[in-house]
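This report is meant for someone meeting the structure for the first time. Please keep the sequence and the model in view while reading.

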Amino acid sequence: MINLPNNGSIVILDDKYMEAEPLIKLLSKNNKSFRYYDGKPENLPSDTIEKEATRLVFLDYNLTEGTTGSASQASTITANLNRIISEENGPYFILLWSKKKYDAQEFNDEMESVYRKYPHLRPLRIECLNKGEYFETTANGYEFNNDKVEEFQKELEEMISSIELLEFYSSWENKILLTSQKLIKKTSDVGQGMNAKQLVHLLSHINLEQFSKNVEDEQLIVAAYQSLNTVFSSYLNHKIEDIKLSREHFSEISKVDDYEVNSSRVNSWFNINTIENPSRIGQVFTTASSFFLDDNIIKNNELRGQFIAIANQNKTENEYFKTVELEISPECDVAQNKRNFYRVIPGMVISESLMRTVFEKLTNGLDKGEKNKALVFSVKKNSEKLNFDSLPQSIFLSPKFEFKANGKCFDVFLILDLSQFKTIPIQNEGKDYLADKEMLFSVNSDLLQSIKNSLANSIQKKGYQHL
């Protein structure tokens, strides 16, 4: 049963507790946390509370006694699944646990209309376990045949082992749970003798150092958790090697066939975050259009000064554009509480599709040779792909990443002009410069370091000694 998650993401849905009891005993014996529901609406989680993740559902197909017809059964199952699985749940798996041996495809066919309406309820995979093979009719009713305990466990283990993605996700989630438990013990050892407030202060001070003196309580609590996250990440990385995926499902991984992936979404995982950022280092915030000049984006002198106006004029609800600034003050200035200026780089966050539109609008009427040399990027012939072969050293271009705004997802670039780097007093007439600025996101440490390295190279670049 090692392939099952330990974190309570197993759900048993069965209107008969007696028929669910063999599963409950088996999971308990193997130290697997679970949630049991009898299918009655009053016993399901409230819609007002945040739903915990569900990875595996042991589902009695005839969930409510007396229901007849596939439509009625599907309706009952849907009502229950919607109460335990949120739109943010992610992948989950169903093990059909019924008196009659149902086929997974048959179940999916009956639920197809449900999946179209609630796509988050579509399981990643379904396996079927025939309850009738392990129960028998006795004088006391329909009861589990205890002589078949080993047979029942063996079939269940083989079935679960066949779901390779469940093993992959569960192995990692289980390691996270165990690692966080050990980290709490270590944190308790470090803070031995401290009360809760002192421990939070210590953890926040580790993160912010002297800067913590000027931070609100709520932000200090965030900083304390960020310290735990930092240690947790390091500690977990050392434990990941303990996870072994030894079965044939994961052999010869290097030889897998080509596959498609949403690279923008992957890039967003690694490069940006929207976590509370008390220090503001790495924060990208919106500014007025006048704060950014397009001089190094447009190479054709006659077209300069038009990029931002055209972007704003042609932006649709399916495109994104903001002029921004990135704060890149040294960590030591913040830690030692001696930062008097914000150090910022102006730029813009712009969707890929809008960049193509701006290019076409700006270069309309130019011949092919002039068009491809007008901006620091171009649109490849017979393709919608952007070409950035002409980027000068003063322009920093991030990888394309997915950015969520106004309830939509956009594939965007962060484009910074390093030559426009400037320092701005933190306080202006008693008001913090960033106080009224909208924070879009923060860039993660690796991307921030790349930007700082590019800025250093741009600042230190030598001019010609002679011609």
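This is a predicted model: local features need pLDDT of at least 70, side-chain atom pairs count only at pLDDT 80 or more; totals for chains, interfaces and linings use all residues.

## Lys 175 and its surroundings

Setting aside residues up to four places away in sequence, Lys 175 touches Leu 236, Lys 239, Ile 240, Asp 242 and Ile 243. Lys 175 is found in helix α5, and its relative accessible area is 16%. Because buried means under 20% relative accessible area, Lys 175 counts as buried.

## Helix α5 against helix α7

Two packed helices are described by the angle between their axes and the distance between the axes. For helix α5, which covers residues 164-190, and helix α7, which covers residues 217-239, the angle is about 125 degrees and the axes are 10 Å apart. That angle makes α5 oblique to α7, and the crossing of α5 and α7 is right-handed.

On the α5 side, the contact is made by Trp 172, Lys 175, Ile 176, Thr 179, Ser 180, Lys 182, Leu 183, Lys 186 and Thr 187, while α7 contributes Leu 228, Val 231, Phe 232, Tyr 235, Leu 236 and Lys 239.

## Helix α6 against helix α7

Helix α7 also packs with helix α6, which covers residues 196-208, and here the angle is about 75 degrees with the axes 7 Å apart. Angles of 65 to 115 degrees count as roughly perpendicular, and α6 is therefore roughly perpendicular to α7.

The contact is made by Val 200, Leu 203, Ser 204, Ile 206, Asn 207 and Leu 208 of α6, together with Leu 220, Ile 221, Ala 223, Ala 224, Gln 226, Ser 227 and Leu 228 of α7. The residues of the contact of α6 with α7 divide into nine nonpolar and four polar, with no charged residue among them. Leu 228 of α7 is named in the contact with α5 and also in the contact with α6.

Arg 83 is found in helix α2, which covers residues 70-84, and with a relative accessible area of 18% Arg 83 is buried. Not counting residues up to four places away in sequence, Arg 83 touches Pro 41, Leu 44, Pro 45, Ser 46, Asp 47 and Lys 51.

Pro 5 has its place in the segment before β1, the strand at 10-13, and at 0% relative accessibility Pro 5 counts as buried. Leaving aside neighbours within four places in sequence, Pro 5 is in contact with Ile 10, Lys 32, Arg 55, Leu 166, Ser 170, Glu 173 and Asn 174. Between Pro 5 and Leu 434, which are 429 residues apart along the chain, the C-alpha atoms are separated by 44 Å.

## Residues in loops

Most residues other than glycine have a negative phi. Against that background, Arg 280 has a phi near 70 degrees, a positive value in a residue other than glycine. Arg 280 sits in the loop between β8 (272-273) and β9 (283-286), where its relative accessible area of 22% makes it partly exposed. Asn 406 likewise has a positive phi, near 55 degrees, and is a residue other than glycine. The place of Asn 406 is in the loop between β15 (401-405) and β16 (408-417), and at 75% relative accessibility Asn 406 counts as exposed.

Glu 248 lies in the loop between α7 and α8, the latter at 263-271, and with 68% relative accessibility Glu 248 is exposed. Glu 248 and Ala 456 are 208 residues apart in sequence, and in space they are 49 Å apart, C-alpha to C-alpha.

How many disulfides does the model contain? A disulfide is taken here as a pair of cysteine sulfur atoms within 2.5 Å, and by this rule the count comes to zero. Cys 128 is buried, with a relative accessible area of 11%, whereas Cys 409 is partly exposed, with a relative accessible area of 43%.

Terms used
Residues are numbered from 1 along each chain as its sequence is written. Side-chain values use heavy atoms; hydrogens and water are left out. Buried means under 20% relative accessible area, exposed over 50%, partly exposed in between (1.4 Å probe, protein chains only). Axes are lines fitted to C-alpha atoms, for helices over the stretch in contact, and angles run from 0 to 180 degrees between N-to-C directions. Helices (H or I, at least four residues) and strands (E, at least two) are DSSP runs, numbered from the N terminus. Angles under 35 degrees count as roughly parallel, over 145 as roughly antiparallel, 65 to 115 as roughly perpendicular and the rest as oblique. A crossing is left-handed if the near helix is turned anticlockwise from the far one by less than a right angle, and right-handed if clockwise. Contact means heavy atoms within 4.5 Å. Ala, Val, Leu, Ile, Met, Phe, Trp, Tyr, Cys and Pro count as nonpolar, Asp, Glu, Lys and Arg as charged, and the others, Gly among them, as polar.
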